[in-house]
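Open your viewer and get ready to click along. We will go from one selection to the next and see what is there.

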Amino acid sequence: MPLREDAWYLAKAFELADEPAGRVAPNPKVGAVLVRDGVIVGEGVHLGPGTAHAEAAALAAAKDLARGATLYVTLEPCCHYGHTPPCTQAIIAAGVVRVVAPIEDPNPQVAGRGFAELRAAGIAVDVGAGAAQAMAQNAPYLRWRQTGRPFVTAKWALSLGGQSAARTGKSLYMTGPAARQEVHRLRAQHDAVLVGISTALADDPQLTVRDAAGTSPLRVVLDSAGRLPPSARLLSAEGRTIVYVAEDISPERLKALSARAEVVPLGRGPRLPLNGVLEDLGRRDVTSLLVEGGATVHGSFFDEGLVDRVAVFVAPLVLGGGTAPPGVAGLGVESPAAGLRITGGTWHILGEDAYFTGMVEKGAK
């Protein structure tokens, strides 16, 4: 089959993988297309843990038409029993003659074994086409599998003067409705959303998904001294909240917080170990984390090289104030030449606001 046709069918599989409005973590996004004699005979998409894998869904849709067909799938088919049976066995039993996939699944239970099993059964397997798109689409899953930590997106909003809040620390409603809706969509796409205690106290956010499709993520607060009040809205909002505190927190504050949220003592104050936070979240199957600030938290994540992607909103607003916080604080760099470069960046207009997103170039610090 010509490579041009392979690319077209793989593109269709990638589109399918992106269809679910909510999260599928800790599983990867996967789409599958079955093609026989130039005609699509089955399509499938994975909707999350416990549901059919994309390959199985496509085979079920194709039925007998799968025999002699080519399977286009966005990730290596699984070859082990989990919540569902191995996809490789289903592919072999259905009589598929060729499989086209971009990359291996880094899951140690798969990691090339799925491709090997298919080849051993006499199925032609082509790997590599669309690899860059596959890695971008499943960046959180791949990062989590390879490092045990979630993929981190740092999100903040700025005025035209570069401030992320007024001099009082207030930052709510800096941007307009369209930008706020995009923030809710970002939350729906991430397994967890994180803020520091200063933001939690200044804005009293809910950190939920209200203006977009999908469910609210796990809420995470960095609060070394346990200052979060019981009345905080994020403690009464839908879903779970984890508060990371220092191990030397007072017993009284630990008890008060534990009554409203899951409290995790980690390290000694006043600064919490971000690497430890990410590792703990990874153990909880959090594959993607949206860091919503504030400036000190963002600065710490950047200083420690823990940010993978940025999502920045710019409002047509002037705040002024020499003491108003920037978008990113922390230690910073000594010159623009030493700054972190953002690659693959794109700009969008959302109502009156501008929105920029791009990947942090690793090793650029």
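Select R143 to begin: its relative accessible area is 26%, so it counts as partly exposed (buried means under 20% relative accessible area, exposed over 50%, partly exposed in between, with a 1.4 Å probe and protein chains only). This is a predicted model, in which local features need pLDDT of at least 70, side-chain atom pairs count only at pLDDT 80 or more, and totals for chains, interfaces and linings use all residues. Residues are numbered from 1 along each chain as its sequence is written, and side-chain values use heavy atoms, leaving out hydrogens and water.

R143 and D308 form a salt bridge, with their closest N and O atoms 2.4 Å apart (a salt bridge is a side-chain nitrogen of Lys or Arg within 4 Å of a carboxyl oxygen of Asp or Glu). The pair links distant parts of the chain, 165 residues apart: R143 sits in helix α6 (residues 139-147), and D308 in the loop between α12 and β12 (309-314). Helices (H or I, at least four residues) and strands (E, at least two) are DSSP runs, numbered from the N terminus. Is D308 buried or exposed? Its relative accessibility is 2%, so D308 is buried.

Next, select helix α12, residues 295-303. Of its 9 residues, 7 are buried, so the helix is largely enclosed by the rest of the structure. Among the buried ones are H298, F301 and F302. Just after α12, click G305, which has a positive phi of about 65°.

Move on to D248 and R268. They form a salt bridge whose closest N and O atoms are 3.8 Å apart. D248 is in the loop between β9 and α10, while R268 is in the loop between β10 and α11 (274-283), so the pair ties together parts 20 residues apart in sequence. D248 is partly exposed at 39%, and R268 is exposed at 57%.

Show strands β9 (residues 241-245) and β10 (residues 262-265), which pair in the parallel sense over 4 bridges; two strands pair if DSSP finds at least two bridges between them. Look for V243, which stands opposite V263 in β10.

Then select R284 and D280, a salt bridge with closest N and O atoms 2.8 Å apart. R284 is partly exposed at 29%, whereas D280 is buried at 11%.

Finish at Q137 in helix α5 (residues 131-137). With 11% relative accessibility, Q137 is buried.
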